[in-house]
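I opened my notebook to look up one structure.

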Amino acid sequence: MKVTLVSRSGREFIKGGLELNDSATVADLQEAIHKRTKKFYPSRQRLTLPVPSGSRERPVILNYKKSLKDYCDGNENTLTIVFKDLGPQVSYRTLFFFEYLGPLILYPVFYYFPVYKYFGYEEKRVIHPVQTYALYYWCFHYFKRIMETFFIHRFSHATSPLSNVFRNCAYYWTFGSYIAYYVNHPLYTPVSDLQMKIGFGFGIVCQLANFYCHIILKNLRSPDGSGGYQIPRGFLFNIVTCANYTTEIYQWLGFNIATQTVAGYVFLVVATSIMTNWALAKHRRLKKMEGRSTPEDGLFFLHSCRTDR
Amino acid sequence: MASALTVLRRLYLSIYNWLVFIGWFQVLFLALKALKESGHEHVYNAVEKPLLLAQSAAVMEILHGLIGLVRSPVSSTLPQIGSRLYLTWGILWSFPEIRTHILVTSLVISWAITEIIRYSFFGMKEAFGFAPSWHLWLSTFLVLYPTGISSEVGLIYFALPYIKASEKYCFRMPNKWNFSFDYFYAAILALGIYVPGSPHLYHYMLGQRKRALSKSKKE
């Protein structure tokens with residue numbers, strides 16, 4: 001079968017097109033393109049069916065597992081595919097590892113080293129117990145995230161654009177330093193012992209719940225990442241669609257109740273709004289896919305997703 | 001058929017744009033007058049009232065964008081107006097020591113010419129339905145943006161010692177919310193934002209200009 005490849009502006013992307021087996025899959029096509037173009041490895045290629053000009057429909061993205069025949073109209077043995085370069089890609093694992101590594105390393109710097117000297121404060125200092133527990137809590141959290149990245153999470157689309165590394169690292173590393181600066185500050189004012197215990201206790205429970213949510217999500221997919229999108233069931237997923245985000249948000253709330261800094265609460269608000277956006281998008285996607293059998297919504301602030309029967 | 005709302009909208013926007021135009025015209029006039037008669041150290045004092053008024057009035061434009069009265073996206077008006085208000089109130093008004101600097105003159109003149117062209121353009125469009133020499137405006141920014149931005153950056157930089165010494169707008173630790181704010185470091189951060197922000201804005205304007213020039217060529 002002959003495959004004609006065009007760019008989004010309509011120009012022929014590979015002169016003369018490509019000749020493939022009739023039984024070839026999209027993955028085979030990706031390999032063939034990579035062979036011809038060297039630079040464009042498969043995860044960088046976005047292959048879509050042409051959309052009639054003027055149409056506002058979203059283009060159909062080719063699934064790498066399907067055979068090319070599935071996308072042919074009727075009996076034609078030719079196919080025209082639109083190619084887009086997604087730019088340099090990194091695997092999600094790489095991306096997550098670097099974005100989490102920053103907070104894991106930077107926070108202890110503020111705790112252990114005389115950093116505040118450079119801000120004009122004298123050598124410390126009295127270290128309050130809550131500051132030590134905060135260090136353990138924080139580092140455990142990001143250590144957990146890194147472990148989950150390598151041993152628990154199963155990713156749908158293997159890669160993310162390289163530019164996201166800079167953007168995401170800036171977000172995590174900047175907020176990590178910003179919070180670490182205040183919690184470990186020589187003039188830090190601790191909350192009451194009871195409040196600290198409640199905060200950390202609640203946070204730990206939420207982190208455990210979050211871990212369990214990740215296990216549930218992992219079991220929705222097979223090890224190679226297939227299984228696609230399904231509605232998670234059981235545990236908190238019976239109440240909200242994205243219970244993993246809910247538990248993550250409440251876990252940060254626990255940390256903030258214990259440490260009480262404006263920096264920490266600002267981070268909580270920003271993180272919550274980001275996760276809420278993701279949750280709404282995922283919820284919409286799942287509803288579209290499986291009709292109306294999604295979980296009931298609980299209270300608004302158990303949120304992560306508004307749902308309905 | 002023009003609905004009553006459309007007429008009201010155009011009337012309101014015409015009045016708004018022409019009023020602010022007059023404000024900026026005053027700024028330019030008084031600035032040049034003071035420059036000629038007394039020298040650059042006195043420019044700020046001469047223009048202070050109309051400058052504060054005209055620049056602060058621009059906050060209305062954020063509102064206009066939010067409620068859909070005008071089509072400009074809030075995402076582009078907000079940083080522009082933010083930096084203007086920061087310079088006007090956060091630097092010039094707050095730190096009198098910087099007011100005699102020569103960059104105040106270049107700042108005020110760059111802003112005034114830009115705004116005079118901009119507000120008269122929109123004023124004409126809303127009142128009469130058309131406006132001449134759209135290309136003229138877009139081309140003047142090629143000079144006025146660099147002079148304006150350099151003046152802004154320069155003034156923030158030269159105001160830094162006064163900011164640090166005065167401790168104005170600072171909030172210190174210890175406090176029960178473990179929060180602090182240092183206006184001096186915030187100013188340095190603002191300077192930092194100008195580094196990627198200015199070329200980005202300039203490129204955006206260049207793109208607008210190219211689009212408008214090619215569109216008028218087609219007509």
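My entries follow, with the ground rules at the start.

**Ground rules**

I am working with a predicted model, where local features need pLDDT of at least 70, side-chain atom pairs count only at pLDDT 80 or more, and totals for chains, interfaces and linings use all residues. Residues are numbered from 1 along each chain as its sequence is written, chains are lettered from A and ligands numbered from 1 in the order in which they are written, and side-chain values use heavy atoms, with hydrogens and water left out.

**Entry: chain A**

I looked up the elements of chain A. I found seven helices and six strands. Helices here are DSSP runs of H or I with at least four residues, strands are runs of E with at least two, and both are numbered from the N terminus. Read from that end, the order is β-β-α-β-β-β-α-α-β-α-α-α-α.

Next came the dimensions. The C-alpha atoms of chain A fill a box of roughly 75 × 50 × 35 Å along the principal axes. Chain A has 309 residues, and 44% of them count as buried. Buried means under 20% relative accessible area, exposed means over 50%, and partly exposed is in between (1.4 Å probe, protein chains only).

I also looked up the charges of chain A. There are 36 positive and 21 negative ones, and their mean positions are 2 Å apart. Lys and Arg count as positive, Asp and Glu as negative; His and the chain ends are not counted. Each charge is placed at NZ of Lys, CZ of Arg, CG of Asp or CD of Glu.

**Entry: chain B**

I turned to chain B. It has seven helices and zero strands. The order from the N terminus is α-α-α-α-α-α-α. Its C-alpha trace spans about 65 × 50 × 30 Å along the principal axes. Of its 219 residues, 39% are buried.

I then checked the surface. Chain B exposes about 12400 Å², and carbon and sulfur atoms supply 71% of that. These areas come from the Shrake-Rupley method with a 1.4 Å probe; for residues, only the protein chains shown count as cover. On the charge side, chain B has 20 positive and 11 negative side chains, with the centres of the two sets 10 Å apart.

**Entry: where the chains meet**

Together the two chains bury about 970 Å², 58% of it on carbon and sulfur atoms. Buried area is the accessible area (1.4 Å probe) that two parts lose on being put together, summed over both. On the chain B side, B:Met173, B:Trp177 and B:Asn178 lose the most area to chain A, together 59% of what that side buries. I looked for salt bridges across this interface and found zero. A salt bridge needs a side-chain nitrogen of Lys or Arg within 4 Å of a carboxyl oxygen of Asp or Glu.

**Entry: charged pairs**

The search over all chains gave 11 salt bridges. I wrote up three.

- A:Glu148 pairs with A:Lys144, with the closest N and O atoms 3.2 Å apart. Both sit in helix 3 (residues 129–151) of chain A, four residues apart, about one turn of the helix.
- B:Glu61 pairs with B:Arg118 at 3.4 Å, N to O. This pair links distant parts of the chain, from helix 3 (residues 59–66) to helix 5 (residues 102–128) of chain B, 57 residues apart. B:Glu61 is buried at 13% relative accessible area, and B:Arg118 is buried at 17%. Both belong to a network of salt bridges that also includes B:Arg84 and B:Glu115.
- B:Asp182 pairs with B:Arg172, the closest N and O atoms being 3.2 Å apart. Both lie in the loop between helix 6 (134–166) and helix 7 (183–218) of chain B, 10 residues apart. B:Arg172 is partly exposed, at 39%.

**Entry: the loop between helix 6 and helix 7 of chain B**

I stayed with this loop for its backbone. B:Pro174 lies in it. The peptide bond that joins B:Met173 and B:Pro174 is cis, with omega about 0°.

B:Asn178 is buried, with a relative accessible area of 0%.
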